[in-house]
Amino acid sequence: MVLNPVLGKLVSKRVVLASASPRRQEILTNVGLRFEVVPSWFKETLEKSSFAAPYEYAVETAKQKALEVANRMHEKHLRTPDIVIGADTIVTVDEQILEKPADKQDAYRMLSRLSGKEHSVFTGVAIVHCSSKDNQLETEVTDFYEETKVKFSDLSEELLWEYIHSGEPMDKAGGYGIQALGGMLVEYVHGDFLNVVGFPLNHFCKKLAELYYPPPKHNVQRKKYDSIPSVDTFENLSDGESESSNFTEHKGTSKLDSSGMCSSGALYNFETSSMSESGAKLPSKILELLDGFRASKALFVASKLKVFDHLKDKGPLKAVDIANEVGTSVGGTERLLDACAALGLLEKTPQGYSNSDSANTYLTSDGEYSLHGYIIHSNDHIWPLFTNLESAVKEGSRQNHRAFGKKAEDLFKDYYHSQEVKQRFMAAMHSIAHLTARDVATAFDLSQFKCACDLGGCTGALAHELVQIYPNLKVTVFDLPEVIANTSYFQPSGQHTAPVTFVSGDFFKDNLPEADLYILSRVLHDWPDEKIHVLLSKISAVCKPGCGILLAEMVLDDEKKNRSTALLQSLNMLVQTEGKERSGSEYQGLLEQHGFTNVKIRLTGNLLDVVLCIKT
Ligand code: SAM
């Protein structure tokens with residue numbers, strides 16, 4: 001609990017961890033930090049001999065990893081984070097740096113050097129604060145390192161090889177993981193254990209304390225935080241003092257960042273102070289979850305009433321004016337608007353309410369990246385389904401019959417039975433596809449492909465992005481006839497759309513258009529494995545060697561424990577489909593059974609991740 005107030009300073013910020021390490025993610029998740037994971041593409045290839053000390057190498061690598069992610073997210077627009085955390089862990093023995101072993105022989109070489117000796121584990125950490133000025137990324141880097149000494153017992157050849165064959169050494173600095181089997185090799189640890197696991201949490205919190213609670217200017221005797229300040233210490237620091245920091249927080253308000261999302265990807269956040277004024281402990285995270293549905297519903301109702309549309313481009317309006325415009329009660333409207341303002345969706349001044357920048361971009365029905373369609377679909381379709389989650393969990397099946405009083409043959413027949421529901425569903429798909437299209441299209445270099453077919457491509461949002469990025473690519477959007485007949489409303493105006501064509505058909509039954517790249521974006525998650533095999537075998541039958549499949553899905557981690565947005569989406573699939581979200585290994589298994597190998601997975605940091613594989 002003592003750490004939470006320091007980490008609480010990050011709660012209203014979009015925090016990104018530039019590391020794919022599940023161990024780092026777990027350490028930070030365990031203390032309640034909410035962050036996105038965007039693994040860095042920075043190659044760990046700095047010249048080690050150019051650093052005077054090993055820790056300098058680790059710190060520089062951590063910094064470069066974080067800066068690469070900050071730049072990439074900024075360049076891809078809309079995604080400038082507030083803070084990017086980079087980390088690099090190395091092991092040194094006899095002045096030599098050991099990173100991750102390249103293969104089993106390399107692991108053997110490393111571990112036998114560590115046998116019976118003390119070695120050092122250094123983790124370099126970089127905390128990069130980002131801001132965007134005139135569309136230029138500005139960064140401010142704070143870095144540090146932590147050293148922990150570890151001694152291994154004498155390791156017999158047999159033990160060494162047994163450990164190597166366990167597979168554990170392969171993705172770990174120095175070739176061992178202290179938190180699992182590797183713990184058996186260790187005689188003692190001097191220093192921060194978590195530093196050996198991959199992230200020096202204690203030092204990280206001290207650094208945050210230095211950054212967010214700097215000593216007051218008038219205090220001549222500068223106080224160094226060599227311990228993490230307790231809650232009392234924080235309470236003694238007034239707001240005035242914290243204003244001397246570059247990272248001022250407005251106490252008692254919760255603001256959306258420039259992208260409209262807080263670190264977890266949720267559109268709201270709550271005070272997460274973990275102690276009440278009286279010092280009583282508050283289960284902040286649980287309270288936040290408990291209240292989550294109220295915040296969602298407030299957003300849904302404001303969207304449904306088109307509050308954000310009414311406020312767009314208008315000066316501040318009083319509750320009574322908005323109530324008159326949307327035809328609601330003044331008292332009820334005022335409470336809704338106040339809640340929206342407290343959630344950071346609106347701004348409230350003595351003159352009235354106005355949209356936040358994020359509301360203009362994402363919540364108005366014609367905003368550039370409008371989520372309006374998705375919000376209405378969530379309110380009208382997903383909400384009733386989720387109220388039957390308990391039955392879905394008990395029965396293990398979809399709940400359309402309970403939510404809507406009828407049992408349909410398949411998911412899409414449900415959506416397409418009425419023009420209104422179909423339009424709403426397509427608008428929802430379009431919202432997310434438009435928001436994710438750039439990251440999906442650029443996750444891999446697709447310039448080798450000449451002709452793509454987006455199966456279940458719906459409104460063509462991804463197809464249009466692809467032809468912008470790859471001018472030599474032609475894309476066919478293939479979808480059910482009910483959808484294809486309805487796509488004109490969603491087409492970009494005033495653009496040359498020739499390379500995108502629309503073809504109607506059923507991908508389970510009809511011939512597929514010819515292509516050298518087949519795209520399945522949010523399609524496989526709708527179906528059980530049996531149906532996926534039917535579809536993949538059809539694609540495989542028309543694919544020549546060298547052709548590819550590109551999947552865009554929320555990819556779960558293999559242990560299915562880290563990515564709450566994706567795991568909640570999997571629950572969402574339970575209540576409404578026979579499908580589910582799958583892990584990278586599960587997708588790989590499905591694809592390989594149909595001759596698609598060289599499976600590469602890229603976590604984009606956006607809502608959808610991307611898998612590319614090639615027919616051999
Ligand atoms: N790919 C789009 C995206 O990512 O936004 C839409 C995803 S939506 C979840 C699934 C799409 O698959 C819908 O557009 C639906 O109409 C289409 N679809 C479902 N069954 C189909 C079938 N048998 N043949 C062709 N398209 C189908």
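## Packing of helix H24

In this predicted model, the buried residues of H24 pack against helix H22 (529–542), strand E14 (548–553), strand E15 (596–602) and strand E16 (609–615), where contact means heavy atoms within 4.5 Å. Helices (H or I, at least four residues) and strands (E, at least two) are DSSP runs, numbered from the N terminus.

Helix H24 spans residues 584–592, and its buried residues are Gly584, Tyr587, Leu590 and Leu591. Buried denotes under 20% relative accessible area (1.4 Å probe, protein chains only). These residues lie on the same side of H24 because they cover an arc of only 130° around the axis, the arc being that of the directions from the helix axis to the C-beta atoms.

## The ligand shell

Around the ligand are 18 residues, of which Tyr416, Gly456, Asp479, Ser521 and Arg522 come nearest; a residue is near if one of its heavy atoms lies within 4 Å. Helix H18 (411–416) and helix H19 (419–442) each supply at least two residues of this shell, and the largest share, three residues, comes from H19.

A polar side-chain atom of Asp506 lies 2.8 Å from a ligand nitrogen atom. The protein covers 96% of the 580 Å² of accessible area that the ligand has on its own (Shrake-Rupley method, 1.4 Å probe).

## Basis of the values

Residues are numbered from 1 along each chain as its sequence is written, and side-chain values use heavy atoms, without hydrogens or water. As the model is predicted, local features need pLDDT of at least 70 and side-chain atom pairs count only at pLDDT 80 or more, whereas totals for chains, interfaces and linings use all residues.

Definitions and conventions: Polar contact = N/O pair within 3.5 Å; in protein donor to acceptor, adjacent residues only side chain to side chain. Buried < 20%, exposed > 50% of the residue type's maximum accessible area, 1.4 Å probe, protein only.
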